[in-house]
Number of protein chains: 2
Amino acid sequence: MKVHLVGGGAIGLLCSYYLARAGKNISLLTRTAEQAEAIKEKGITVIHKEKEQSVSLHAMPLDEWGDQSSDCLILAVKSHQITSVLEIIRNNRINFDHILFLSNGMGHIPVIYELQTDFKAAVGVVEHGAVRKSLTSVNHTGAGRIRWSPINFSKKELDPLWKNTSSIGFPVKAETDWIDMLQTKLIINVCINPLTAILKVKNGVLLENSYYKDLVRPLFNEAMRILNRNDYDEMWSLLAQVCEKTASNQSSMLTDLLKGIPTEIDSITGYLIKEARKNNVPHPYITFVHHAVKGLEV
Amino acid sequence: MKVHLVGGGAIGLLCSYYLARAGKNISLLTRTAEQAEAIKEKGITVIHKEKEQSVSLHAMPLDEWGDQSSDCLILAVKSHQITSVLEIIRNNRINFDHILFLSNGMGHIPVIYELQTDFKAAVGVVEHGAVRKSLTSVNHTGAGRIRWSPINFSKKELDPLWKNTSSIGFPVKAETDWIDMLQTKLIINVCINPLTAILKVKNGVLLENSYYKDLVRPLFNEAMRILNRNDYDEMWSLLAQVCEKTASNQSSMLTDLLKGIPTEIDSITGYLIKEARKNNVPHPYITFVHHAVKGLEV
């Protein structure tokens, strides 16, 4: 099975590493020629529980990729980068059977709906903590799993992609309800990401500090109402679990802000604000954190 | 006229300095013996437009002050410190004719109402920018004025206090409507202080960054509605003027947070939340900044 993965960020490096170690024929497509060169030379290194391990794999800059075919294309890029990546893929006449989107939020859902007629599309959510340390290495700070769900094909078709991954510490779970799966991740993201970015705190502080908890709860309630969910208790305890498990992690949104690069705020709160307006649901807390993060990005 | 001023913070030092320079017989009451000693030795220094000037004056620790009388007592302490300062004043049998409160917010209004039967009480708002540099020196970063208003006496009675102050760069304006005066300051405070503290920005950024402006406007609207005001245009342009005039200033709330000392959040947003509940006015933005600042204080 020929796999191509687009994206040399923390999640892209992490997934490429484990898929390569599980024996997949995987090529990593990077934004810069510099990163592709570095990976061709050194491979990818993952640091997990103070242990470093490397694997070698093929890499090339995304815009040099042309006229090739792929059994499965994985997009591990930010939601706002999807359109331009798909443009390059179209222009370079890349053929692929399946495409799997690993972006955060739900901002890319309209793009996927458009694609659906042409391709076999799937979405996934990444429950790993990972921080990129260099062009070729990534710190695997929190071991989680990948949950994924096909949109318009049978999940069996991607069995070969995940073969042997669980046994090497990279478990994968196939879900049947992709909307529920993305919404669940979105609710967790909207509670954790903007607040940790605004308040500059680690994930665990949000529910430990009782005043911050009074910010999380109404954000959570607004998101649940906007998405028309009624599993309040289950979702809240899931959120609490995630905060606890990733207590000492710095959220990706805080990391992005501190690095001075664009955050995924539009595909998280931006998406929810659009939905709230459509359905006329009040959303002052979500609006507050949206404007605050947009302002901090300036 | 014998004047006693309680409070050795930025505003206390600034007012003591100008009142002493205007020829008042003023004693400064400090919280610590260390600060009183330093002031007795070195006087108070004010740095304004890169020029340093000093004046000598009497100082003593508040708890050593006893059995004395005062024509006018000025309280330049934080709102939440007023009750304990009044306790000391009562226990030490200090007599005074007039008492002027210079605290921010409106949290101290109930205390003033209680006092009214016993004393001639007045309130004031300080429109100066000032940052304390040491125990005896203060940086006068923004020249403004003092506005004050008597609650239960004729404003002529305090004319001697303000004699000669304007001519030395410390203008004072007497107002007749003390509630309007405090509300105006409160509305400006609720728009500037919590947001600058949460976002860690100088005052000017709030209206320059269009996303932050989208946070200021609803905060402003909520405060106006809670206080049942309808002079939206005048108040907004006053707020804009203050942001512009103090553009490069760091708000007192951000300064307190960075120093790790309690902020005046309870007498600003805390007061407004209580009023909003009484009158059943929605106040999600004020609640948001209240919880965020309370959490940042922890």
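Predicted model: local features only at pLDDT ≥ 70, side-chain atom pairs only at ≥ 80, totals over all residues.
Local features require a pLDDT of at least 70 and side-chain atom pairs count only at pLDDT 80 or more, whereas totals for chains, interfaces and linings use all residues; side-chain values use heavy atoms, with hydrogens and water left out. Residues are numbered from 1 along each chain as its sequence is written, and chains are lettered from A in the order in which they are written.

**Domains of chain A**

The domain assignment divides chain A into domain 1 (2–176) and domain 2 (180–297); such bounds come from an automatic or database domain assignment. The C-alpha centres of the two domains of chain A are 25 Å apart. Across the boundary, 18 residues of domain 1 of chain A are in contact with 17 residues of domain 2 of chain A, where contact means heavy atoms within 4.5 Å.

**The sheet of chain A**

Helices (H or I, at least four residues) and strands (E, at least two) are DSSP runs, numbered from the N terminus. Chain A holds an open sheet of 8 strands with mixed pairing, in the order 5-2-1-6-7-8-11-12. Strand 5 (58–61) and strand 12 (172–174) of chain A each have a single partner strand, so one side of each has no neighbour in the sheet. From one strand to the next, the twist averages 25 degrees. Two strands pair if DSSP finds at least two bridges between them. Strand 1 (residues 2–6) and strand 2 (residues 25–30) of chain A run parallel and are joined by 5 bridges; Val6(A) stands opposite Leu29(A) in strand 2 of chain A.

**Helices on the sheets**

The angles below run from 0 to 180 degrees between N-to-C directions, and axes are lines fitted to C-alpha atoms, for helices over the stretch in contact.

| Helix | Strands touched | Angle |
|---|---|---|
| Helix 1 (residues 10–21) of chain A | strand 1, strand 2, strand 6 (69–75), strand 8 (120–126) and strand 11 (146–150) of chain A | about 165 degrees to strand 2 of chain A |

Ile99(B) stands opposite Ala121(B) in strand 8 of chain B. Helix 3 (residues 82–91) of chain B packs on the sheet and touches strand 1, strand 6 and strand 7 of chain B, its direction making about 170 degrees with that of strand 6 of chain B.

**Helix 6 against helix 8 in chain A**

The axes of helix 6 (residues 178–199) and helix 8 (residues 210–226) of chain A come within 9 Å and cross at roughly 145 degrees. Among the residues that meet are Ile187(A), Val190(A) and Leu195(A) in helix 6 of chain A, and Leu215(A), Leu219(A) and Phe220(A) in helix 8 of chain A. By class, this contact has 12 nonpolar, no polar and no charged residues. The nonpolar class comprises Ala, Val, Leu, Ile, Met, Phe, Trp, Tyr, Cys and Pro, the charged class Asp, Glu, Lys and Arg, and the polar class the others, Gly among them.

**Relation of the two chains**
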